[in-house]
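Here are my notes on the fold and its helix packing. Please read them with the model open.

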Amino acid sequence: MEAEIYGRRIRAFRKLKGFTQEGLARNLGVSVSVLGEIERGNRTPTNDFLLLVAKQLNVSLEELFPKEQNPN
């Protein structure tokens, strides 16, 4: 579940910033298939990967973190 939320947020920011999967993957030094798996929620990104993504997309790390759901 958490992996899916990270993936959706990375995809949303990638598109907002005008990157293709290919372009972002190249800049991050990973394959398109790895980035695709993360964006689909099939692979959980490491903290180091999240730091690279945040830097590349010029967003804060906190913006990539899934928002905690209110238990009310």
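1. Terms first. Helices (H or I, at least four residues) and strands (E, at least two) are DSSP runs, numbered from the N terminus. On that basis the chain reads α-α-α-α-α along its sequence. That comes to 5 helices and 0 strands.

2. Provenance. This is a predicted model, in which local features need pLDDT of at least 70, side-chain atom pairs count only at pLDDT 80 or more, and totals for chains, interfaces and linings use all residues. Residues are numbered from 1 along each chain as its sequence is written, and side-chain values use heavy atoms, with hydrogens and water left out.

3. Chain totals. Of the 72 residues, 36% count as buried (under 20% relative accessible area; exposed is over 50%, partly exposed in between; 1.4 Å probe, protein chains only). Contact means heavy atoms within 4.5 Å. Take the contacts between residues at least 6 apart in sequence: 63% of them join residues at least 24 apart.

4. Helix α1. This helix has 15 residues and spans 21 Å from first C-alpha to last, close to the 21 Å expected at 1.5 Å a residue. The expected span is 1.5 Å times one less than the number of residues. Its buried residues are A3, I5, Y6, G7, I10, F13 and R14. Their cover includes α2, α3, α4 and α5 (61–64). After α1 comes G18, with a positive phi near 80 degrees.

5. α1 against α4. How do these two helices pack? Helix α1 (residues 2–16) and helix α4 (residues 47–57) meet at about 20 degrees, with axes 10 Å apart. Axes are lines fitted to C-alpha atoms, for helices over the stretch in contact, and angles run from 0 to 180 degrees between N-to-C directions. That makes the pair roughly parallel (under 35 degrees; over 145 is roughly antiparallel, 65 to 115 roughly perpendicular, the rest oblique). Y6, I10, F13 and R14 of α1 touch F49, L50, V53 and L57 of α4. By class, this contact has 7 nonpolar, no polar and 1 charged residues. Ala, Val, Leu, Ile, Met, Phe, Trp, Tyr, Cys and Pro count as nonpolar, Asp, Glu, Lys and Arg as charged, and the others, Gly among them, as polar.

6. α2 against α3. The axes of α2 (residues 21–28) and α3 (residues 32–40) come within 9 Å and cross at roughly 110 degrees. The two are therefore roughly perpendicular. Q21, E22, L24 and A25 of α2 meet V32, L35, G36 and E39 of α3. The class count here is 4 nonpolar, 2 polar and 2 charged residues.
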